[in-house]
Amino acid sequence: MTGATDWITRVDGLLSRLSCESLIEPVNVERLREQLLAAAAAIGESDDSGARCLADRVRQASPAVSPKNVDTIVKEVLSGWEALREGAPPPVVQAPDEDLAVLADDPEMLGVFMGEAIDHLGTIESLLLQVESAPGDVKLLNDVFRPFHTIKGNAGALGVTSVQGVAHKVENLLDLARSGKHAMGSDECDVVLKAVDLLTLMIQELPARIAGEPFTDVKAQCRGLIGAVDALIAGGGRAAATESQAPVVAALSEADGGSAPQRRRDESQSAVKVDTRKLDNLVDMVGELVIAQSILAEHPVLLGSRDERLSRQLAQLKRITSELQRNAMAMRMMPIRPTFQKMSRLVRDLGKKSGKSIELTLHGEDTELDRKVVEEINDPLMHMVRNSVDHGIEPADVRKAAGKPALAALRLRAFHQAGNIVIEISDDGAGLDTEKIYRKAVAKGLVPEGAPMTPEDINLLIFQPGFSTADTVTEISGRGVGMDVVRRNIEALRGRIEIQTVRGQGTTFAIRLPLTLAIVDGILVGVGDERFVIPAVAVNESLRPAPGQVHSVQGRPCMIQVREQLIPLMHLAEAFGVTGARQELGDSTVVVIEDNDRLIALVVDELLGKQEVVIKSLGDVFGHVRGVAGGAILADGRIGLILDVSGLAALMGKSTLKPAA
Amino acid sequence: MEAMSGRHGAGTPAQQGAAALAGKYLTFTLGTEEYGLPVLKVREIIKVMDITQVPQVPEHVRGVINLRGKVIPVIDLRLKFGLPSQEATNRTCIIVVDVAMVAATVMLGVVVDSVSEVLSVAASEIDQAPEFGGRVVTDYMLGLAKVKGTVKILLNLDRVLGADREFVAH
């Protein structure tokens with residue numbers, strides 16, 4: 001059968017190319033394809049009318065003057081079919097030298113093709129995971145089928161026959177599935193997912209191939225895959241009759257509307273890829289426009305004007321600029337959904353490999369993160385998910401013995417909290433064995449014997465390089481690389497990891513990431529000549545201190561009593577060395593901020609208002625300034641520093657001011 | 001730059017160094033001293049604007065400014081060179097330059113007393129920076145240019161500022 005497949009692929013490719021060169025009407029190409037399949041089915045029978053008919057049709061479908069291409073295809077059709085019928089190897093065994101000349105000549109076309117194909121493959125991947133939990137859903141299968149068909153068509157038209165061949169084969173399987181002739185069991189999904197991986201690799205390596213650089217030889221893999229699909233199709237009739245097995249891993253989504261996948265694909269199809277630098281420049285310029293607009297709006301001449309038309313137009317200008325700003329800002333943000341969906345795939349594969357049944361639930365996939373963060377968070381997240389599946393979740397028998405359900409729960413959650421974006425990975429597995437970690441750390445010489453450590457400190461040791469408590473090294477993890485990389489990557493994003501674990505009940509890893517380029521709702525405060533922005537989410541309340549509220553220690557005001565609570569005071573002017581701040585506490589304002597249940601009373605001169613600001617990095621040259629999350633361009637064009645609340649808390653710990661015990 | 005490594009040797013390497021240094025320089029003053037910057041390093045010259053202080057940085061880092069929507073750090077060259085600081089006058093300028101720091105090339109603002117002119121300096125006018133002894137660091141000098149009876153110190157800004165990879169001491 002393989003020979004026949006190749007023959008079909010080859011002819012199909014030629015047909016696509018003919019239609020691409022407008023030699024055949026697309027409608028006719030579809031008809032010819034049907035004929036082609038019919039002819040293929042007749043291989044082995046003495047009747048060669050199918051092939052002849054096909055050849056004739058090709059001639060008819062082409063313009064009267066038969067170009068060389070049409071001759072080629074007619075010859076191909078007839079000789080290939082003839083050879084197959086006689087059982088001899090077909091003339092073209094497997095599209096030997098692909099003609100990449102079309103793509104090599106047109107880098108732009110290559111880019112478009114690659115971009116589209118990779119997008120499609122992403123869509124297919126996430127849809128397939130849904131297919132696994134709802135194998136009979138014809139609409140879903142159609143949604144999977146269509147992008148495959150598009151990839152196949154495009155690849156054929158551009159002469160990338162290797163991609164076309166694989167896509168075509170899988171398309172056949174999906175076609176059977178959507179017409180109800182073949183059930184999509186988990187084996188089928190496996191094969192299709194493998195095909196997605198293979199195609200992704202092949203497409204990603206196209207530029208290298210065109211440039212003549214080394215690339216992965218995937219011929220054997222292609223053949224293997226095609227064989228696997230053939231085997232599935234051959235055994236398909238029986239599979240359709242039996243009820244398909246319950247899926248091993250079901251990716252459940254909180255907000256799972258039936259129309260969601262459709263909508264997403266439409267979005268990706270109308271997307272334009274833009275250099276992030278261009279985007280940054282746009283955002284910067286829009287920011288300046290907003291400032292220019294607000295300076296104009298405050299202009300005394302305009303304020304004093306009684307011209308109604310002028311003020312109407314100014315209001316219009318303001319509306320447009322702020323709308324423009326909102327849009328520009330939104331462009332850099334993207335939901336974490338695609339990253340989470342990759343994790344569903346990972347969990348599914350890991351679950352199969354390790355024989356554990358895991359149910360992954362996703363929450364907050366629509367939480368938007370800065371593009372850069374989304375890109376950077378992928379690897380650490382993958383490591384942590386691996387780690388949870390391999391070390392956290394116990395094998396089913398152990399779970400049963402512990403009285404837990406055999407189906408393990410893994411949860412990914414993304415949300416905003418206190419000016420941070422938090423991504424949580426929780427499992428209901430064994431939890432961390434603090435005792436074991438400590439012993440291992442001592443054995444490896446990471447901590448001295450008998451060192452006093454809190455359980456939290458000990459748990460954090462798993463992020464040390466070379467640390468692994470797994471007794472066996474598995475294919476998935478346990479080599480002691482990974483978790484330290486995770487921590488490094490997250491720290492590079494200025495984030496941090498927290499661990500909560502209960503022995504026997506599970507572990508939650510929380511990755512806290514600052515909003516690097518997110519818009520932050522801020523409270524603008526003035527201290528001396530400087531102005532600072534405090535993220536509004538961190539602000540509990542603000543108050544004018546009454547004389548009786550403030551308590552001094554050694555002659556310095558150190559504490560403020562708010563209702564029943566004593567809160568340590570932090571003088572922002574002192575902490576940041578700002579001159580010209582108000583000296584009398586009675587004239588100042590106190591802003592109570594919260595970081596991880598810890599309260600700090602920040603002493604500032606005055607509250608200036610609430611404002612949405614864009615966090616801009618101060619630049620690499622400043623490294624990490626403690627207590628400062630970045631800068632914001634304020635309404636008058638000056639820069640105000642945005643306070644980093646947890647950094648302030650850390651600064652406070654270092655100062656002489658101690659919080660109340 | 002490589003030619004400068006032959007500082008102690010006389011003759012050919014020095015001449016080569018001077019030839020490589022010939023070109024256009026933007027000259028500016030700090031007190032009574034005159035300095036020159038390779039003009040290709042200069043992006044623009046702006047008037048002094050409000051500078052936002054940043055905590056925990058060395059004294060010579062004045063803070064950050066908003067350059068048309070971009071946040072860029074500002075260095076006071078007087079303080080960097082150990083000269084007494086001075087109130088801004090109407091001649092005080094910020095020269096925006098590209099500086100190659102360890103990690104990447106960054107845009108920086110440099111506060112100077114006044115900007116003079118763009119000067120073409122010929123190879124014959126350039127002398128190597130002599131050794132002044134321990135009190136003066138000559139590392140960041142490209143050379144000395146004797147033009148119209150004055151001496152201008154040609155600066156290698158990458159050396160002046162690139163040495164501190166980050167401004168914040170941890």
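Which residue of S14(A) is the bridge partner of Gln561(A)? In this predicted model, that partner is Leu566(A), and the close-up views described below begin with the sheet to which this pair belongs.

**View 1. A mixed sheet of chain A, with the pairing of strands S13 and S14.** Six strands of chain A form an open sheet with mixed pairing, in the order S11-S15-S16-S14-S13-S12. The edges are taken by strand S11 (539–543) and strand S12 (550–553) of chain A, each of which has a single partner strand, so one side of each is left without a neighbour in the sheet. From one strand to the next, the twist averages 35 degrees. Within this arrangement, strand S13 (residues 556–562) and strand S14 (residues 565–571) of chain A run antiparallel and are joined by 4 bridges, among them the one between Gln561(A) and Leu566(A).

**View 2. Helices H7 and H8 of chain A.** Helix H7 (residues 138–157) of chain A packs with H8(A) at an angle of about 155 degrees, and the two axes are 9 Å apart. With an angle over 145 degrees counting as roughly antiparallel, H7(A) and H8(A) are therefore roughly antiparallel to each other, and their crossing is left-handed. On the side of H7(A), the residues in contact include Val138(A), Leu141(A), Phe145(A), Phe148(A), Ile151(A) and Ala155(A), while those contributed by H8(A) include Val163(A), Ala167(A), Val170(A), Leu174(A) and Ala177(A). Divided by class, the residues of the contact of H7(A) with H8(A) are 12 nonpolar, 5 polar and 4 charged.

**View 3. Helices H8 and H11 of chain A.** Helix H8 (residues 161–178) and helix H11 (residues 219–234) of chain A pack at an angle of about 15 degrees, with their axes 10 Å apart. Because angles under 35 degrees count as roughly parallel, H8(A) is roughly parallel to H11(A). The crossing of H8(A) and H11(A) is left-handed. From H8(A), Ser162(A), Gly165(A), Val166(A), Lys169(A), Val170(A), Asn172(A), Leu173(A) and Leu176(A) take part in the contact, and in H11(A) they meet Cys222(A), Leu225(A), Ile226(A), Val229(A), Leu232(A) and Ile233(A). By class, this contact of H8(A) with H11(A) has 10 nonpolar, 3 polar and 1 charged residues. Val170(A) is listed in the contact of H8(A) with H11(A) and also in the contact of H8(A) with H7(A).

**View 4. His363 in strand S3 of chain A.** His363(A) lies in strand S3 (residues 358–363) of chain A, where His363(A) is partly exposed, with 17 other C-beta atoms within 10 Å. Arg411(A) is 48 residues away from His363(A) in sequence, and the C-alpha atoms of these two residues are 7.7 Å apart in space. As background to this view, chain A has 24 helices and 19 strands, and buried residues make up 38% of its 661 residues. Of the contacts in chain A with a separation of 6 or more, 70% are accounted for by residues 24 or more positions apart.

**View 5. The contact between chains A and B.** The contact takes 27 residues from chain A and 22 residues from chain B. On the side of chain B that touches chain A, strand S4 (61–67) and strand S5 (70–76) of chain B are the elements that give two or more residues. The residues of that side of chain B divide into 13 nonpolar, 5 polar and 4 charged. Chain B itself comes to 3 helices and 11 strands, and from the N terminus on its elements run α-β-β-β-β-β-α-β-β-β-β-β-β-α.

**View 6. Two residues of chain B with positive phi.** Most residues other than glycine have a negative phi. Gln56(B), although not a glycine, has a positive phi of about 65 degrees, and Gln56(B) is found in the loop between strand S3 (42–47) and S4 of chain B. Lys148(B), also a residue other than glycine, has a positive phi near 45 degrees, and its place is in the loop between strand S10 (141–147) and strand S11 (150–155) of chain B. Gln56(B) is buried, with 20 other C-beta atoms within 10 Å, whereas Lys148(B) is exposed, with 7 other C-beta atoms within 10 Å. In chain B, buried residues make up 34% of the 170 residues.

Methods
Residues are numbered from 1 along each chain as its sequence is written. Chains are lettered from A and ligands numbered from 1 in the order in which they are written. This is a predicted model: local features need pLDDT of at least 70, side-chain atom pairs count only at pLDDT 80 or more; totals for chains, interfaces and linings use all residues. A residue is buried if 20 or more other C-beta atoms lie within 10 Å of its own, exposed if 12 or fewer, and partly exposed in between; C-beta atoms are placed from the backbone. Two residues are in contact if their C-beta atoms, placed from the backbone, lie within 7 Å. Ala, Val, Leu, Ile, Met, Phe, Trp, Tyr, Cys and Pro count as nonpolar, Asp, Glu, Lys and Arg as charged, and the others, Gly among them, as polar. Axes are lines fitted to C-alpha atoms, for helices over the stretch in contact, and angles run from 0 to 180 degrees between N-to-C directions. Angles under 35 degrees count as roughly parallel, over 145 as roughly antiparallel, 65 to 115 as roughly perpendicular and the rest as oblique. A crossing is left-handed if the near helix is turned anticlockwise from the far one by less than a right angle, and right-handed if clockwise. Two strands pair if DSSP finds at least two bridges between them.
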